[in-house]
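Biologist: Hi! Could you walk me through this model?

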Amino acid sequence: MTEKFILKTTELQKSFSGIIAAEDINISVKEGEIIGIIGANGAGKTVFVNMITGYLKPSSGKIEFMGRDITGIKPREATHIGVCRSFQVSQVFMTMTVKENLMIAMSLAKKSGLELLLPLDDEKLSKECDKILDLYKIKNQSNLIVSTLSQGMRKLLDISMAVVGNPNVLLLDEPTSGVSVEEKFGIMDIVISALKKSGTTVLFVEHDMEIVERYVDRVIAFYQGQVICDAPPSKALKDKKVIKYVLGS
Amino acid sequence: MYYGFGAYAVAMCQKYFGMTDIFLRFFIAVAAAGLLGFALGFILRRYREIFFAMLSLAFSMVLYGLLAKAEFLGSTDGMSISPSTILGYELGRFGLLYFICFFVICAIVFAQAYLRSSLGHLTTAISDNEIRVEYLGYSVEKAIHIKYVISACLAGGAGGLMAASLGQVDPDSMVLWSVSGELVFVTIMSGLGNILAPFMGAVLFEFIRTYAFELAPQAWQMIIGGTLLAIIFFSPGGLWSFFQKLNFLRKKNND
Ligand SMILES: Nc1ncnc2c1ncn2[C@@H]1O[C@H](COP(=O)(O)OP(=O)(O)O)[C@@H](O)[C@H]1O
Ligand SMILES: [Mg+2]
């Protein structure tokens, strides 16, 4: 061992009744890295995120987190060890307010056992929530029911719910999809600067190469379930295979 | 089912241990129903919606069958319950009423506290989005199980108190699926808006049933069914949402 990795996959593979959605994925991530995952639709990006965070069990291969084998753990166990995620389609509590969404996330992250029988409306947690809502620029929407929010706002809420537990590794599945062009950079500025401050390792799936170029240290490109390129953005975006299979020109 | 189980727990403790103390009766009913709920919860927590309902119904029919066949529990005739006592003194009708009110208030306070807690809020969260709850690090099945046991305890306590106040337990009026149906009726009629709603709903239900029975001894079920239909048509959120709407309109008029 020459270097320590926070996250490492070895020969990771996933197939759905014969269809191979991920094959031979070997990725090592260093602490604090910001990684962009790119690839055409159906390339296997979401499957990769799902395997790391325990939503899907790999057919074979190994996932290690801080040297510990976490292959096939449950989503909530992933959350407990600090591997958290957001979703391509925002997964939030639609009938509740923004604040309630975050208060629930916060209390589940900070409390356990009988503490959960205490009132949800806790002054200390409420203040912490307000801080996060402020950081993610959705404080003005605190008391709105989530189903009335724009896609962009929901994405921000989804991400803020994933970070309340101060994760070590955060996987964001298309944080800017369904978000208007004007909102895109705003959201990523907010998210990446907040996460850089806390030193969180981030892997995010992104289709917009301008965003990739601007924010990431490293690019991992997927094509038909395989990693076809793993390099810094300056190099990756000029790679022949990436141009052919991802950028499609 | 838990309602009947609580009632029968009271009956059995009287038969085998001579237990008639109202506090003991209440707690035995709560504990017995809670234990049954805990055990069955391991199976039920894996199911949702109609499957959950049908499986619950199946369990209650099994319990009904067992009680109707159990001769040592009086089969279909059931058993009579002697008057409740407190510290050895017999409680009169009013004494019992006071204690029942006391337990009801305890139940309301507890339920209110639960609904305000983080765990209580998970009910809505789970019905909105189970995946998110799991990713927040909490087991959806565990939350459902806890809530199920709490509901079982409340229903069991109610059954225990009902046994004490009727002076009688029997399978037909306490465990049969139509009893569960009545409770569902009360819930639909009152709506889910507030803890007090089902209490009002229950009173109203007894009222409707009594008068329907006097008016039309042969067809009182039709009147009850008609009421339910009317509520579902005109106020799908139950009576509580009806009151909320009235309130809303009044405020609007005042403005
Ligand atoms: N639960 C599933 N069952 C069957 N096939 C799946 C499932 N999830 C993903 N796939 C398949 O795996 C491939 C990769 O999908 P995905 O990872 O969602 O792509 P993307 O890179 O667009 O996120 C697709 O061909 C998809 O059809
Ligand atoms: Mg995807």
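Biologist: How many helices and strands does chain B have?
Modeller: The secondary structure of chain B comes to 12 helices and 4 strands, taken as DSSP runs (H or I, at least four residues, for helices; E, at least two, for strands) numbered from the N terminus. This is a predicted model, where local features need pLDDT of at least 70, side-chain atom pairs count only at pLDDT 80 or more, and totals for chains, interfaces and linings use all residues. Residues are numbered from 1 along each chain as its sequence is written, chains are lettered from A and ligands numbered from 1 in the order in which they are written, and side-chain values use heavy atoms, with hydrogens and water left out.

Biologist: And what box do the C-alpha atoms of chain B fill?
Modeller: Along the principal axes, roughly 60 × 50 × 35 Å.

Biologist: Thanks! What share of chain B is buried?
Modeller: Of its 255 residues, 41% count as buried, meaning under 20% relative accessible area, with exposed over 50% and partly exposed in between (1.4 Å probe, protein chains only).

Biologist: Switching topic, which protein donors does the magnesium ion (ligand 2) have?
Modeller: They are Thr46(A) through OG1 and Gln88(A) through OE1, 1.9 to 2.3 Å from the ion. Donors are N, O and S atoms within 2.8 Å of the metal (3.2 Å for Na, K and Ca); water is not among the atoms, so the site may look incomplete.

Biologist: Where in chain A do those two sit?
Modeller: Thr46(A) is in helix α1 (residues 45–52), and Gln88(A) is in the loop between β6 (83–86) and α3 (98–110), 42 residues apart.

Biologist: How accessible is Thr46(A), and what about Gln88(A)?
Modeller: Thr46(A) is partly exposed at 27%, and Gln88(A) is partly exposed at 30%.
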